[in-house]
Amino acid sequence: AHDLTTSIPVDTELLSVDLQDGTLTVDLSEEFDNVVGPSRQQAIAQIVLTSADFSNVSRVRFQVDGTPIQVATPTRGDAATVTACDYVSLLADPTEISQEVTDEEMLRLLQERVAALEDSCPDTE
């Protein structure tokens, strides 16, 4: 309904999640390795930003078929553990998309999310 898409390959399976001391470990099936480049970074960002909506999740680690992987961030390069702050720059700018998006509630939520992350994340502009 909102013309939303995902960069996560459709055949990717969530094998397990484990939360310990604020760090969520997400284990994905090997199909996740089929996405590369900017799309892979967007897929990681989608998972991290969604996970960060839960108050008990502050960091995310990734595995593919049980093997830990490093993931690319726009700010720090490859990292074993990432946070929502690593992907703030990938969120849409609410003022730029306001002409294209007619769902006022969705725009309001995006504005709130961006503002909250900019307030809580070091070195965001």
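Modeller: A residue is buried if its relative accessible area is under 20%, exposed if over 50%, and partly exposed in between, with a 1.4 Å probe and protein chains only. The model is predicted: local features need pLDDT of at least 70, side-chain atom pairs count only at pLDDT 80 or more, and totals for chains, interfaces and linings use all residues. Residues are numbered from 1 along each chain as its sequence is written, and side-chain values use heavy atoms, with hydrogens and water left out.

Biologist: What percentage of the residues of the protein chain count as buried?

Modeller: The count is taken over the 125 residues of the protein chain. The share that counts as buried is 34%.

Biologist: In what order do the elements of the protein chain run from the N terminus on?

Modeller: Helices (H or I, at least four residues) and strands (E, at least two) are DSSP runs, numbered from the N terminus. By that rule the protein chain has 3 helices and 7 strands. Their order is β-β-α-β-β-β-β-β-α-α.

Biologist: Which strand pairs with β3 in the parallel sense?

Modeller: Two strands pair if DSSP finds at least two bridges between them. β3 has 6 bridges in the parallel sense with a strand of residues 23-28, and arginine 59 of β3 stands opposite threonine 23. The partner is β2.

Biologist: Which helix makes a β-α-β unit with β2 and β3?

Modeller: The unit is right-handed, which means that, with the strands pointing away from the viewer, the path from the first strand over the helix to the second runs clockwise. The helix in this unit spans residues 37-51. It is α1.

Biologist: Which residue takes a positive phi in the hairpin of β3 and β4?

Modeller: β3 and β4 (residues 67-69) pair in the antiparallel sense over 3 bridges, with phenylalanine 62 opposite isoleucine 69. The hairpin has 2 residues between the strands. The positive phi, near 50°, belongs to aspartate 65.

Biologist: Which cysteine forms a disulfide with cysteine 85?

Modeller: A disulfide is a pair of cysteine sulfur atoms within 2.5 Å, and the structure holds 1 disulfide. Its sulfur atoms are 1.9 Å apart, and the link is left-handed, with -85° about the S-S bond. It joins the loop between β7 and α2 (94-97) to the segment after α3 (104-120), across 36 residues. The partner of cysteine 85 is cysteine 121.

Biologist: Is cysteine 121 buried or exposed?

Modeller: Cysteine 85 is partly exposed because its relative accessible area is 25%. Cysteine 121 has a relative accessible area of 5%, so this residue is buried.

Biologist: With which side chain does the side chain of serine 7 make a polar contact?

Modeller: A polar contact is a pair of N or O atoms within 3.5 Å; within protein, one must be able to donate a hydrogen and the other to accept it, and residues adjacent in sequence count only if both atoms are side-chain atoms. Serine 7, in the segment before β1, is buried at 17%. Its polar contact, at 3.2 Å, is with the side chain of glutamine 42.

Biologist: How far is the side chain of threonine 6 from that of glutamine 46 in their polar contact?

Modeller: Threonine 6 also has a side-chain polar atom 3.1 Å from the backbone nitrogen of isoleucine 8. The C-alpha atoms of threonine 6 and glutamine 42 are separated by 8.3 Å. The polar contact of threonine 6 with the side chain of glutamine 46 is at 2.8 Å.

Biologist: Which residues does threonine 12 touch, not counting those up to four places away in sequence?

Modeller: Contact means heavy atoms within 4.5 Å. Threonine 12 lies in the segment before β1 and counts as buried at 16% relative accessibility. The residues touched are Leu28, Ser29, Glu31 and Phe32.

Biologist: Is valine 10 buried or exposed?

Modeller: Valine 10 has its place in the segment before β1 (14-20), with its C-alpha atom 8.6 Å from that of glutamate 31. Its relative accessibility is 85%, so valine 10 counts as exposed.
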